[in-house]
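Here is a briefing on charged side-chain pairs. Start with the model itself, then read the points below.

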Amino acid sequence: MVDSRETNVPAGVAVICQGLVFIYRVDGYDVVALSRVDLDVAPGEAVALVGPSGSGKSTLLSLMAGLLRPSAGKLRVGEHDLVRAGQRELQRMRANEIGVVLQGDRNIVDYLSTTDNIRFAQRGAAGGRRADPRELLDLVGLPGRSAARAYPPDLSPGQRQRLSVAVAISVGGGLLLADEPTSQLDAEARESVIEALLAVNHTGTTVVVVTHDADIAHRFGRTVTIRDGRVGAEGRRGEDFLVVGADGAVHLPPEFLARIAPGSLLRAQWSETGAVMLVPAETERT
């Protein structure tokens with residue numbers, strides 16, 4: 001494996017969200033896509049954002065990338081305050097400090113070779129040593145001269161997505177954001193893309209991935225479930241936890257909601273062991 005010194009990848013970039021809100025308008029109505037999201041991603045972490053369609057996870061990723069502007073709250077990516085940052089600062093951040101993989105490998109150019117795709121992405125970056133394209137291709141699992149000379153139309157879907165990852169990290173940024181990087185891929189291709197993302201993370205780069213596949217999410221060190229525009233749960237080392245929001249809100253897992261209808265009255269009680277119990281009001285004895 002190629003290490004961070006060889007690929008010129010700096011230390012991972014931290015992401016801090018506090019009370020993050022995003023509102024957009026549809027047909028004259030305000031729609032709240034994110035509501036008071038609190039989330040910290042430490043430098044070098046590998047985090048998967050999971051949740052149902054429309055939950056806000058892709059919106060959150062786009063905010064981290066500076067592609068959308070927060071409606072309220074705080075959002076910092078490294079040294080950048082994305083609430084106050086102007087367009088030039090956001091463009092410089094994307095050109096030098098973060099890499100973004102959008103759905104549909106939209107960051108690669110079909111008429112350029114794999115090597116030239118990487119060199120093209122590096123043109124807009126600030127000065128300093130740039131990683132050799134072949135080193136980056138090797139890092140994401142596309143080694144050898146044939147891969148370096150290949151053109152995107154000649155690559156398999158999984159290879160194209162790995163090239164997309166290599167292009168995204170080519171500027172030497174410390175944060176990689178990937179939106180559904182394994183969608184519409186077969187099992188073998190999905191595995192190769194996951195391995196590429198984990199290889200990038202092992203160099204020290206912070207990696208945040210949006211996925212709807214829980215099995216894929218569990219391959220990363222931490223999972224964060226977004227439900228109804230909020231952080232609903234977290235998973236660490238294979239164990240799931242509920243997250244208490246800054247306002248005291250707690251999102252119950254779907255299997256609990258199947259038995260406890262929205263609007264039900266619950267009483268929070270401490271047990272003798274110190275555990276918190278939620279007792280439905282109708283079961284209490286008078």
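**Salt bridges in the predicted model**

R119 counts as partly exposed, at 47% relative accessibility. This is a predicted model. The structure holds seven salt bridges. Side chains of opposite charge can pair when their charged atoms come close.

**Within one helix: R119 and D116**
- R119 and D116 meet through their side chains in a salt bridge, at 3.8 Å from N to O.
- Both residues sit in helix α4 (residues 114-122), three residues apart, so about one helical turn separates them.
- D116 is partly exposed, with a relative accessible area of 32%.

**Across distant parts of the chain: E45 and R222**
- A salt bridge joins the side chains of E45 and R222, at 2.9 Å from N to O.
- The pair links distant parts of the chain, 177 residues apart.
- E45 lies in the loop between β2 (29-41) and β3 (46-50), while R222 belongs to strand β9 (residues 222-227).
- R222 has 5% relative accessibility, so R222 counts as buried, because buried means under 20%.

- E191 pairs with R219 in a salt bridge, and their closest N and O atoms are 2.8 Å apart.
- E191 counts as partly exposed at 33% relative accessibility.
- R219 is partly exposed too, with a relative accessible area of 32%.
- Salt bridges with shared partners join E191, E195 and R219 into one network.

Conventions. Residues are numbered from 1 along each chain as its sequence is written. This is a predicted model: local features need pLDDT of at least 70, side-chain atom pairs count only at pLDDT 80 or more; totals for chains, interfaces and linings use all residues. Side-chain values use heavy atoms; hydrogens and water are left out. A salt bridge is a side-chain nitrogen of Lys or Arg within 4 Å of a carboxyl oxygen of Asp or Glu. Helices (H or I, at least four residues) and strands (E, at least two) are DSSP runs, numbered from the N terminus. Buried means under 20% relative accessible area, exposed over 50%, partly exposed in between (1.4 Å probe, protein chains only).
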